[in-house]
Amino acid sequence: MNWNDLYRILHEYYGDIQWWSPEDKLEVVVGSILGQNTTWSSAEKAIDNLKQAKLFTIKKLATADPEVVEQLVRPSGYYHLKTIRLQNLMQFILKKYKTLDNMFKAPLEQLREELLAINGIGPESADSILLYAGALPSFVVDAYTKRIVLRHGWDADVKPKNKSSRAQYDALWNSFMEQLEPHAPTMAMLHAYIIETAKQFCHKSKPQCEGCPLYRFERVNK
DNA sequence: ACCCAGGTGGCCC
DNA sequence: GGGCCACATGGG
């Protein structure tokens, strides 16, 4: 499967959908941590709590009492872990770049490595930050992306170096990065299409594939 | 009473 | 490196 073809068929099916246009870049950055392995509505609750508590700035989040933050982010789950991770990230940004706008002026590859070096930031969180907060062209490979790719057998020609989850992420990520133009809006839109398709037609245990545009596409191309 | 959700890191062999 | 597991709350 060529990812540009995937974009074309989903664009034809969904048109120009509006997925998520956050008012605030910090919301994306914080959301990349609080959204880990939870529903977005739960992460949003936690973000609202932080805003209500007037803690929603890099500096305040970086320096706030961890016990206070823990209670506020509780609805998003893993509240102890996520507090540590969130404060790690905020302290890094504060110390190294001061502001998000300044941070996103850094070269993509360098910034990606720096983010990945932070405890609590894995490849998906890093790429979400780069693509959705920084508008930098780094494709996001999430659970939805993996599930759709695996279910359709499109990973056959995407060989990871080993079986670690990180190698699998990298193999898929490299494939998207090689084929797609380095254009953030296109990458964001494709990712939005993938999420929409997975939510509608590609559930984890209960297959509800009826009507999925991807099966139609495969039939046509066989 | 299950199963699932936009992950990540630690530990053990 | 590869396999397993803790982390935690909320919704279907």
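Predicted model: local features only at pLDDT ≥ 70, side-chain atom pairs only at ≥ 80, totals over all residues.
Residues are numbered from 1 along each chain as its sequence is written, while chains are lettered from A and ligands numbered from 1 in the order in which they are written.

Chain A has 13 helices and 0 strands; here helices (H or I, at least four residues) and strands (E, at least two) are DSSP runs, numbered from the N terminus. The radius of gyration of chain A is 18 Å, close to the 17 Å given by the globule rule for 222 residues, so chain A is as compact as a globular protein of that length. That radius is taken over C-alpha atoms, and the globule rule is 2.2 Å times the number of residues to the power 0.38. Along the principal axes, the C-alpha atoms of chain A fill a box of roughly 60 × 35 × 35 Å.

Of the 222 residues in chain A, 30% are buried. A residue is called buried if 20 or more other C-beta atoms lie within 10 Å of its own, exposed if 12 or fewer, and partly exposed in between, with C-beta atoms placed from the backbone. Among the contacts in chain A with a separation of 6 or more, 64% are between residues 24 or more positions apart. Two residues are in contact if their C-beta atoms, placed from the backbone, lie within 7 Å.

The domain assignment divides chain A into domain 1 (3-18 + 141-220) and domain 2 (25-133); such bounds come from an automatic or database domain assignment. The centres of domain 1 and domain 2, taken over C-alpha atoms, are separated by 26 Å. Where the two domains touch, 8 residues of domain 1 are in contact with 4 residues of domain 2. On the domain 1 side, H11 and H12 are the elements that give two or more residues. By class, that side has 6 nonpolar, no polar and 2 charged residues. For these classes, Ala, Val, Leu, Ile, Met, Phe, Trp, Tyr, Cys and Pro count as nonpolar, Asp, Glu, Lys and Arg as charged, and the others, Gly among them, as polar.

Two DNA strands accompany the chain. Around DNA strand B there are 24 residues, of which Gly122, Glu124, Ser125, Ala143 and Ser205 come nearest. A residue is near a molecule or strand if its C-beta atom, placed from the backbone, lies within 6 Å of it. The elements giving two or more residues to the surface near DNA strand B are helix H9 (123-133) and helix H10 (143-151), and H9 provides the largest share, 5 residues. This surface near DNA strand B has 8 nonpolar, 13 polar and 3 charged residues.

Around DNA strand C there are 13 residues, and Gly77, His80, Leu81, Asn162 and Lys163 come nearest. Helix H6 (residues 79-96) contributes the largest share of the surface near DNA strand C, 3 residues. The classes there are 4 nonpolar, 7 polar and 2 charged.

H10 also has a buried side. Within H10, Thr145, Ile148 and Val149 are buried. They cover an arc of only 95° around the axis, which puts them on the same side of H10; the arc is that of the directions from the helix axis to the C-beta atoms. Helix H11 (165-179) and helix H12 (184-201) are included in what covers the buried residues of H10. After H10 comes Gly153, with a positive phi near 70°.

Phe176 is located in helix H11. With 21 other C-beta atoms within 10 Å, Phe176 is buried. Apart from neighbours within four places in sequence, Phe176 is in contact with Trp3 and Phe139. Phe176 and Met189 are 13 residues apart in sequence and 13 Å apart in space, C-alpha to C-alpha.

Two loop residues remain. Most residues other than glycine have a negative phi. Tyr78, not a glycine, has a positive phi of about 45°, and is in the loop between helix H5 (66-73) and H6. Tyr78 counts as partly exposed, with 16 C-beta neighbours inside 10 Å. Ala135, also not a glycine, has a positive phi of about 55° and is found in the loop between H9 and H10. Ala135 is partly exposed, with 13 other C-beta atoms within 10 Å.
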